[in-house]
Amino acid sequence: MFIVTLNYLVGLSEVEKYLPLHVEYLEQCYDDGIFLMSGPTEPRTGGVILANSPSKEVLELTLNEDPFFKTGIAEYKITEFVPTKSMKELSYLI
């Protein structure tokens with residue numbers, strides 16, 4: 001399991017221009033079963049993605065397809081973790 005932290009490298013007006021393409025990309029990643037949850041940070045300086053990828057390398061390849069990455073809108077930090085506890089409704093993720 002991975003937590004991906006996005007940090008915007010440009011102002012929000014530039015981010016907004018690419019947001020529709022980024023949302024399309026996110027939808028595809030949800031359809032592919034790679035992303036479990038995502039959203040902007042508060043304050044809105046980036047975002048967070050919870051991902052379930054077979055490996056960090058596969059996740060990196062996936063993130064490289066994000067329009068935010070391709071256009072230099074955001075940089076990414078990937079943190080891998082091993083879930084050992086969850087609420088029972090999410091136990092299938094362990």
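Glu-65 is partly exposed in this predicted model, with a relative accessible area of 47%. Partly exposed here means between the two limits of buried, under 20% relative accessible area, and exposed, over 50%, with a 1.4 Å probe and protein chains only. The side chain of Glu-65 meets that of Lys-70 in a salt bridge, at 3.3 Å from N to O. A salt bridge is a side-chain nitrogen of Lys or Arg within 4 Å of a carboxyl oxygen of Asp or Glu. Lys-70 counts as exposed, because its relative accessibility is 56%.

Residues are numbered from 1 along each chain as its sequence is written. Because the model is predicted, local features need pLDDT of at least 70 and side-chain atom pairs count only at pLDDT 80 or more, while totals for chains, interfaces and linings use all residues; side-chain values use heavy atoms, with hydrogens and water left out.

By the rule given above, the count comes to 3 salt bridges. Side chains of opposite charge can pair when their charged atoms come close. Another of these pairs is Lys-17 with Glu-14, where the closest N and O atoms are 3.1 Å apart. Both residues belong to helix 1 (residues 12–31) and stand 3 residues apart, about one turn of the helix. Lys-17 is exposed, at 58% relative accessible area, whereas Glu-14 is partly exposed, at 27%.

Arg-44 and Glu-16 also form a salt bridge, with the closest N and O atoms 2.7 Å apart. This pair links distant parts of the chain: Arg-44 sits in the loop between strand 2 and strand 3, Glu-16 sits in helix 1, and 28 residues separate them. Arg-44 is partly exposed at 29% relative accessibility, and Glu-16 is partly exposed at 37% relative accessible area.

The elements named so far belong to a chain with 3 helices and 4 strands. Helices (H or I, at least four residues) and strands (E, at least two) are DSSP runs, numbered from the N terminus. Along the sequence their pattern is β-α-β-β-α-α-β. The chain has a radius of gyration of 14 Å, close to the 12 Å that the globule rule gives for 94 residues, so it is as compact as a globular protein of that length. The radius is taken over C-alpha atoms, and the rule is 2.2 Å times the number of residues to the power 0.38. Along the principal axes, the C-alpha atoms fill a box of roughly 40 × 25 × 20 Å.

Of the 94 residues in the chain, 30% are buried. Contact means heavy atoms within 4.5 Å. Among contacts between residues at least 6 apart in sequence, 65% join residues at least 24 apart.

A polar atom of the Thr-41 side chain lies 3.3 Å from the backbone nitrogen of Thr-45. Not counting residues up to four places away in sequence, Thr-41 touches Gly-46, Gly-47 and Val-48. The C-alpha atoms of Thr-41 and Leu-6 are separated by 8.8 Å, although these residues are 35 apart along the chain.

Ser-53 is buried, with a relative accessible area of 9%. Its side chain has a polar atom 3.0 Å from the backbone oxygen of Ser-55, and the Ser-53 side chain also reaches the backbone nitrogen of Leu-59 at 3.3 Å. Beyond neighbours within four places in sequence, Ser-53 is in contact with Phe-2, Ile-34, Val-58 and Leu-59.

The last stop is the surface. The accessible surface of the chain comes to about 6,000 Å², and 57% of it belongs to carbon and sulfur atoms. Such areas come from the Shrake-Rupley method with a 1.4 Å probe; for residues, only the protein chains shown count as cover. Ile-3, Val-48 and Phe-81 form a nonpolar patch there, with about 200 Å² of accessible area together. Patches are made of residues with over 30% relative accessible area and no salt bridge; like charges are joined within 9 Å, and nonpolar side chains (Val, Leu, Ile, Met, Phe, Trp, Tyr) within 5 Å. Phe-81 lies in the segment after strand 4 (74–80) and counts as partly exposed, at 31% relative accessibility.

Notes: A polar contact is a pair of N or O atoms within 3.5 Å; within protein, one must be able to donate a hydrogen and the other to accept it, and residues adjacent in sequence count only if both atoms are side-chain atoms.
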